[in-house]
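Here is my note for your reading of the fold. Please keep the model open beside it.

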Amino acid sequence: MGALEGRTALVTGGSRGIGRAIVERLVADGAEVAFGYRAAKDAADRTAEACGGRAHPIQADLADPGQMRHLYAEAERRLGGLDILVNNAAISPVKAIADWTDEEYDHVMTVNAKSVFVAIGLAARRLRDNGRIISLSTLNTVLPAPGVAVYAASKAAVERFSSVAARELGPRGITVNTVSPGAVDTDMLHGANSPEGLQQAVALTALGRLGRPADIADVVAFLAGPDARWITGQNLRVSGGLVV
């Protein structure tokens, strides 16, 4: 029997990359999972197929906070309630501070921070006791780099939401943590970095390679399981020893 047998989970942004790896790992550990996707229906269907019917895709564009409420409610309806929430969905445009428009700033903050705030608020009211909330952050909250100001700021907000929620939800046995990946081999990473930048990231990583989505998913699954019952309010840096 898997560590998450009988548990249910919602993963946002679960069709590709780290999100897909999280969905697959939670299912492998016994959970039944609903996951959100914005537009990549084919990728979402492939993820569901790979999970043998235990992962259920739900379309939602988190640029609209109402869609986060829809996603949470639909996941509850399909699964009969939720034990685990994983906030993974995010966007990471790279642009110098001088070049941002107000609309671009608002869009990133809504997808990356406000949707997580809404999701945690919903979970605070409706997640079953002894549940788990895990949100993905980034090493860029402590590792400044040109072009990532808004992305890093949105994730710093997620870290603060989580640390406060941990105190608020502790009496119900609900743990709340964040995971900060380093350089992980995903489409998002390649879209935001040059080949030279990726080589530099590898050179600065103690384990000498880019991370793999499964490296992050394994830590998320640990935090979602019973062995992490005494860990809350923490930010785990899962970076392979990337220098900060």
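1. Start with Ser15. Ser15 is buried, at a relative accessible area of 8% (buried means under 20%, exposed over 50%, partly exposed in between, with a 1.4 Å probe and protein chains only). Its place is the loop between β1 (8–11) and α1 (17–28). Helices (H or I, at least four residues) and strands (E, at least two) are DSSP runs, numbered from the N terminus. Leaving out residues up to four places away in sequence, Ser15 touches Arg20, Phe35, Gly36, Tyr37, Ala40, Ala43, Ala44 and Thr47. Contact means heavy atoms within 4.5 Å.

2. Know the source. This is a predicted model: local features need pLDDT of at least 70, side-chain atom pairs count only at pLDDT 80 or more, and totals for chains, interfaces and linings use all residues. Residues are numbered from 1 along each chain as its sequence is written, and side-chain values use heavy atoms, with hydrogens and water left out.

3. Now the sheet. Seven strands form an open sheet with parallel pairing, in the order β3-β2-β1-β4-β5-β6-β7. Two strands pair if DSSP finds at least two bridges between them. The edge strands, β3 (55–59) and β7 (235–238), each pair on one side only. On average, neighbouring strands are turned by 20° against each other, direction ignored.

4. Look at one pair. Strands β4 (residues 84–87) and β5 (residues 132–136) run parallel and are joined by four bridges. Leu85 stands opposite Ile133 in β5. Helix α5 packs on the sheet and touches β5, β6 (175–181) and β7; its direction makes about 155° with that of β6. Angles run from 0 to 180 degrees between N-to-C directions, and axes are lines fitted to C-alpha atoms, for helices over the stretch in contact.

5. How do α4 and α5 pack? Helix α4 (residues 102–126) and helix α5 (residues 149–169) meet at an angle of about 10°, with their axes 9 Å apart. So α4 is roughly parallel to α5 (under 35 degrees; over 145 is roughly antiparallel, 65 to 115 roughly perpendicular, the rest oblique). Among the residues making the contact are Phe117 of α4 and Phe161 of α5. By class, the contact has 16 nonpolar, three polar and no charged residues. Ala, Val, Leu, Ile, Met, Phe, Trp, Tyr, Cys and Pro count as nonpolar, Asp, Glu, Lys and Arg as charged, and the others, Gly among them, as polar.

6. Is Ala119 buried or exposed? Ala119 lies in helix α4 and counts as buried, because its relative accessibility is 0%. Leaving aside neighbours within four places in sequence, Ala119 is in contact with Met68, Tyr72, Leu85 and Asn87. The C-alpha atoms of Ala119 and Tyr72 are separated by 7.4 Å, though the two are 47 residues apart along the chain.
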